[in-house]
Amino acid sequence: MTSELINLENLPTPLGEFGLPFVGETLNFLFDAEFAAKKKRQYGGVFKTQIFGSPSVFMIGAEANQFIFANENKYFDINWPPSTQALLGSMSLAMQTGHTHISRRKLMAQAFQPRALASYTPTIAAITEGYLKRWEQMENFTWYPEIRDYTFDIASTLLLDTPDASQKLLSKYFHTWCAGLFSVPLQLPWTSFGKAMKARNSILKLIGEIVQTRQNSIEQNENFGNDTLSILLNAEDEQGNKLSLDELKDQILVLLFAGHETLTSAIASFCLLLAQHPDVFDRARAEQKTLMQTDPAITPDTLKQMPYLDAVMKEVLRFVPPVGGAFRKAKQDFEFKGYRIPKGWTVVYQITQSHQDETSYSEPDTFNPSRFLEQTTDKQKLFSYVPFGGGMRECLGKEYAKLEMKIFGAMLLRHHRWELLPNQNLSMITVPTPHPRDGLKVSFHRDC
């Protein structure tokens, strides 16, 4: 036996508690937005608990993030709660590991290269313009469900060439599917998970029909467009292999989630935070007005000329990250911060709490986009800012997400104002992604 193994055996597991038998602290984790913050105050940045039926350790902070990202496939395997695994599908990129994950990631990355993103810009801008006009006419409304429709229409148009999908069956199925992603995996007709599994089957059937129609068009040498589906259908790995139909369906489903649910959360947070911080709104608006005088079009070039909007978007993602953390499984015993983490335990890295670390950010509870401008003296530690994760599993579509957020923000700021309506609950529901409890009720109007 090596000294390393002897030392590991002598180390304690992290402080914490496992909670109730079987259930553990799963319900607190799911429904208490302050779960990780409370545990961190009680036990520190490394603590144990039990969630989703597994002994688990939370590892919080820049050093923990770096350790996890640097040791993918050595100490860690991808791991999700059972409900999430079943609903994402075994062939989705989120579930794949090792060489298969690396190969598929390279193949799918072809849909998010700069040239592809540039081709998406006119579509995103056109859909944004349509929704802005719609909201002008509505005047007073609940914004969050509207933003969900907006992001879903963009995602479905770019991924599947299916315009106005928010008003069709695909959207209904998709929202039911999302609601079960983090749930107790009881597949009964009345449970969230049971409804979500039924919705998943319906979604895959619709996606399959769309894919097969597109494949037939390609075989007949018809013009099949520049949307993501076209790129994925033609993408090949190093050996010349393409995605099978079954894998395409799983991959498109997870891309719909990443390009819709998380973006809805981020955009809603942007709208809420700018309404609450008029000084930030005014400065962001002034930047857009200045740019409009020289180049009013929304193009890949003009989008590069918005440093303050960039800083606002970064601060939104720091302040309310759309994904609160991610799950891994320990492949073997390992040591971190003087604790032994046993093989088989679930490991959770915490994005939200990392972004609130006072050693990385001055006044982390303050919404301050200026911290991300070059002239700021606020120095962030490496891996203290991880809204898209990091390492080999960093979000594949992060540039797509930033593109859509920026187009939305620029077009919104140029001609519109909005105020929060009174008597609403703005506290955050965090599952499956953060959003205001009462849906963000606003008065919306065009002012110039």
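Analyst: Contact here means heavy atoms within 4.5 Å. Axes are lines fitted to C-alpha atoms, for helices over the stretch in contact, and angles run from 0 to 180 degrees between N-to-C directions. Helices (H or I, at least four residues) and strands (E, at least two) are DSSP runs, numbered from the N terminus.

This is a predicted model: local features need pLDDT of at least 70, side-chain atom pairs need 80 or more, and totals for chains, interfaces and linings use all residues. Residue numbers start from 1 along each chain as its sequence is written, and side-chain values use heavy atoms, without hydrogens or water.

Now the sheet. It is open and has five strands, in the order β1-β2-β8-β5-β3. Their pairing (at least two DSSP bridges between two strands) is mixed. β1 (46–51) and β3 (76–78) are at the edges. Each has a single partner strand, so one side of each lacks a neighbour in the sheet. From one strand to the next, the twist averages 35 degrees.

β1 and β2 (residues 54–60) run antiparallel, joined by six bridges. Phe 47 has Phe 58 in β2 as its bridge partner.

A helix covers this region. α3 (residues 35–43) lies across β1, β2 and β8 (346–350). Its direction is at about 135 degrees to β1.
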